[in-house]
Amino acid sequence: MRIAAQPFPLDLDPATAALIVIDMQRDFIEPGGFGASLGNDVTRLQAIVPATARLIDGCRKAGIPVIHTRECHKPDLSDCPPAKRLRGAPSLRIGDAGPMGRVLIAGEPGAEIVPDLAPIPGEKVIDKPGKGAFYATDLGPYLACLGTKTLIFAGVTTEVCVQTTMREANDRGFDGLLAEDATESYFPEFKQAALQMIRAQGAIVGWTAPVATILTALDMADA
Ligand code: C5J
């Protein structure tokens with residue numbers, strides 16, 4: 001199928017595609033979570049939940065595997081380098097007691113994916129200690145087993161974990177397509193810059209397209 005993406009159309013075979021939904025976790029997205037407690041406007045991130053849900057649903061119906069990631073660490077913080085923990089807001093660091101349990105710790109309420117986008121049984125969920133989803137995870141071997149060639153991306157934040165993972169994927173030989181309205185940043189200008197950086201110089205990192213455009217192409221492929 002052909003997707004009317006930017007900077008030019010992308011040919012995608014649903015049989016060799018997968019959707020990666022990055023870090024749609026309560027601590028980043030919900031009012032009263034870690035992100036909000038740092039003064040970020042989480043309503044921007046909340047606003048993409050419906051479009052992300054439509055994309056997930058469309059991919060599930062098309063038989064495209066859906067992979068979810070969560071940025072979180074082991075309770076003993078053995079996978080959190082001090083360089084990561086000691087940066088950020090001194091008032092609330094990774095592992096500290098936050099408004100939704102210990103901040104970005106596996107198993108804590110804040111580390112869970114928001115209920116509207118919850119994984120269904122059989123879907124891969126990757127806990128990642130880094131910003132990129134390939135670093136220190138089994139994502140690479142998992143995609144090799146699936147035979148994946150093209151990755152569709154959604155999630156937060158656009159310029160941090162989403163862009164990092166797209167760049168990791170690009171270097172590993174995947175084609176990457178970012179769903180423009182299923183990704184967001186606390187900083188609107190960073191989102192726009194990230195979209196432009198991804199598409200620049202003839203898709204130097206990958207492609208972008210609205211969710212509706214991706215879903216239309218999936219529907220046409222199905223028909
Ligand atoms: C993600 C972050 N998920 N901004 N994390 O982008 O620290």
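Predicted model: local features only at pLDDT ≥ 70, side-chain atom pairs only at ≥ 80, totals over all residues.
Select Thr165, which counts as buried because its relative accessibility is 0%; buried means under 20% relative accessible area, exposed over 50% and partly exposed in between, with a 1.4 Å probe and protein chains only. Thr165 sits in helix 7. Helices (H or I, at least four residues) and strands (E, at least two) are DSSP runs, numbered from the N terminus.

Residues are numbered from 1 along each chain as its sequence is written, and side-chain values use heavy atoms, with hydrogens and water left out.

Next, select Thr208 in strand 10 (residues 207–209). Thr208 counts as buried because its relative accessibility is 0%. Show Phe153 as well: 55 residues separate it from Thr208 along the chain, and the two C-alpha atoms are 9.1 Å apart.

Move to His68, in strand 4 (residues 66–71). His68 has 1% relative accessibility and therefore counts as buried. Its side chain makes a polar contact of 2.7 Å with the side chain of Glu123. A polar contact is a pair of N or O atoms within 3.5 Å; within protein, one must be able to donate a hydrogen and the other to accept it, and residues adjacent in sequence count only if both atoms are side-chain atoms.

Now select helix 4, residues 49–61. Its buried residues are Val49, Ala51, Thr52, Leu55, Ile56, Gly58 and Cys59. In an α-helix there are 3.6 residues a turn, so residues three or four places apart point the same way. After helix 4 comes Gly63, with a positive phi near 80 degrees.

Last, look at the largest pocket, which holds about 620 Å³ of space. Its lining has 25 residues, and the closest to the centre are Phe28, Phe34, Leu38, Glu71 and Lys131. Helix 2 (34–37), helix 5 (82–85) and helix 7 (158–171) each give two or more residues to this lining. A pocket is an open set of points on a 1 Å grid over the protein atoms alone, where a 1.4 Å probe fits, with protein on both sides within 12 Å along at least five of seven lines; lining residues have an atom within 4 Å of a point. The volume is the space filled by probe spheres set on the points, which are joined across faces, edges and corners.

Key:
Expected span 1.5 Å × (residues − 1).
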